[in-house]
Structures are given as structure tokens and as C-alpha cells.
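Got a model open and want to talk it through? Let's take it question by question.

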Amino acid sequence: SRMLAALGMGMDAGSGLDQPLTNNQIAVKGLYKNWSLEDREVLQRGGAMVAKFTRNIGYVIAFGLTTYTGDSGRLYRVRSEGSVAIHIFRNINFEIEKKYKGKWVTTDVHEGIRDLIMGMLRQYEIEGRITSNPADPRTYPAFKSINVTINAGLVQWSAQIYIGGEIDWIQ
């Protein structure tokens, strides 16, 4: 419901960057409908946030989603994971701009941008915002494949980053 989404976003506004909404208690008694698991899955695929009743806790957000339905991937659909990704990319872009905008393109600048990105990603790994996959850290490190291109004054960069994500289901 729209009211649940508004309550959830209010919680989001007061929480930390990578604090999941999933399984957080929420006061929705008058708004709640006892959805079946199948109904919840349909609603969630459509970008709707739903609540569920959990014994000994009360009503909780079943899954902290955004309304993004552009693809089937989790990154921008799960609020906490998307927030971390957006934060990382914006901060790296800000630091590149702050340090290098207006500089003449040289090999040193190209390498400097790559080193800056690598340093920031290492810091995010230390902070726990990105993490290697515990099951296979060699294949899935916290980050890899940092590419920087500079063409006609335009800096473009990319990297493969592993955002661990939140636990959203336990059987």
C-alpha cells in the first residue's frame, strides 16, 4: 500500500546508508492485510513493499524494496543495496572531479584516477560496504576489473563491485 511505502521511506530517511529495512518492525495494524507468500512475491515483483506478521516481534517489513522494476536484478530493487551502490559511484565521481577536473590529460592523470578509485574501493571494503563473496573470494573479490578511459576530455570508469547485500529469506 502507499501508506506502508510512506512509512517505510520515513524509516529509510532516519536510518544509515546500508541499514536494511527488511525485517524492521513497523506500526501497520490498521493497514495490514494477511498476504499469502505467493501474494507477497507478486506484489514485490511489482515493486510494492509489503508487511508480514512475525511471531514475538509484530509487524515487520517483509522486504525493503524500491519501486524500481527496470530489470530482474537486485541492485536497484533492494533499497539498502542500491543505496550503497549509488553512494559509492557518486563519491568516487565527486573525488575524481575534485582532484582532476581542469587537469591536462597525461599518463600520470590516467594512472592517478585508477589509483584513486582503487583506494576508495579498498576503503569501502574495510568499512564493510563492499565485500568478497565468502564462499569464493578468489572468483568474487570485493572489486576487480577497474577500467578508466579518457577520451576528448571525458573520463569514464567502470569496475566490478561485489555488494554483499542483506539477508532477506531464511528457511
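This is a predicted model: local features need pLDDT of at least 70, side-chain atom pairs count only at pLDDT 80 or more; totals for chains, interfaces and linings use all residues.

Q: In what order do the elements of the protein run from the N terminus on?
A: Let's start with the parts list: the secondary structure comes to four helices and four strands. Reading from the N terminus on, the order is α-α-β-β-α-α-β-β.

Q: How do strands β1 and β2 run, and how many bridges join them?
A: Strand β1 covers residues 51-54 and strand β2 covers residues 58-61.

Q: Which residue in the hairpin of β1 and β2 takes a positive phi?
A: This hairpin has three residues between its strands. The phi in question is near 70°, and the residue that takes it is Asn56.

Q: What relative accessible area does Ser145 have?
A: Ser145 is not a glycine either, yet its phi is positive, at about 55°. Ser145 lies in strand β3. It counts as partly exposed, with a relative accessible area of 39%.

Q: Why does the pair of Phe89 and Trp157 count as tilted?
A: A pair of aromatic rings is described by the distance of the centres and the angle of the planes. For Phe89 and Trp157 the centres are 5.3 Å apart and the planes sit at 35°. Stacked needs planes under 30 degrees apart and edge-to-face needs over 60, so with 35° this pair is tilted.

Q: How many residues apart are Phe89 and Trp157?
A: Phe89 belongs to helix α3 (residues 79-100), while Trp157 belongs to strand β4 (residues 154-161). That makes this a link between distant parts of the chain, with the two partners 68 residues apart.

Q: What angle do the ring planes of Tyr140 and Tyr162 make?
A: A search of the whole structure finds two aromatic pairs, and Tyr140 with Tyr162 is one of them. Tyr140 is in the loop between α4 and β3, and Tyr162 is in the segment after β4, 22 residues apart. Both count as partly exposed, Tyr140 at 43% relative accessibility and Tyr162 at 26%. The ring centres are 6.5 Å apart, and the pair is tilted because the planes are at 40°.

Q: Which element supplies the largest share of the largest nonpolar core?
A: This core has 22 residues, and Ile92, Ile96, Ile117, Leu121 and Ile130 touch the most other members. α3, α4, β3 and β4 each supply at least two residues. The largest share is eight residues, and the element supplying them is α4.

Q: Which residues is Ile130 in contact with, leaving aside its neighbours within four places in sequence?
A: Ile130 is among the core residues that touch the most other members. Its contacts are Ile88, Leu121, Tyr124, Glu125, Ala142, Phe143, Ile161, Tyr162 and Ile163.

Q: About how many helical turns separate Lys98 and Glu95?
A: Lys98 forms a salt bridge with Glu95, with the closest N and O atoms 3.3 Å apart. Lys98 is exposed at 56%, whereas Glu95 is partly exposed at 24%. The two are three residues apart in helix α3, so the separation is about one helical turn.

Q: How far apart are the closest N and O atoms of Glu127 and Arg129?
A: The search of the whole structure finds two salt bridges, and Glu127 with Arg129 is one of them. Glu127 counts as partly exposed at 42% relative accessibility, and Arg129 is partly exposed too, at 23%. The closest N and O atoms are apart by 3.6 Å.

Q: What percentage of the residues of the protein count as buried?
A: The accessible surface comes to about 11100 Å², of which 52% belongs to carbon and sulfur atoms. Of the 171 residues, the share that count as buried is 32%.

Terms used:
Residues are numbered from 1 along each chain as its sequence is written. Side-chain values use heavy atoms; hydrogens and water are left out. Rings of Phe, Tyr and Trp (its six-membered ring) pair if their centres lie within 6.5 Å; planes under 30 degrees apart count as stacked, over 60 as edge-to-face and the rest as tilted. Buried means under 20% relative accessible area, exposed over 50%, partly exposed in between (1.4 Å probe, protein chains only). A nonpolar core is a set of buried Ala, Val, Leu, Ile, Met, Phe, Trp, Tyr and Cys residues joined through side-chain atoms within 4.5 Å. Contact means heavy atoms within 4.5 Å. A salt bridge is a side-chain nitrogen of Lys or Arg within 4 Å of a carboxyl oxygen of Asp or Glu. Accessible areas come from the Shrake-Rupley method with a 1.4 Å probe; for residues, only the protein chains shown count as cover. Two strands pair if DSSP finds at least two bridges between them.
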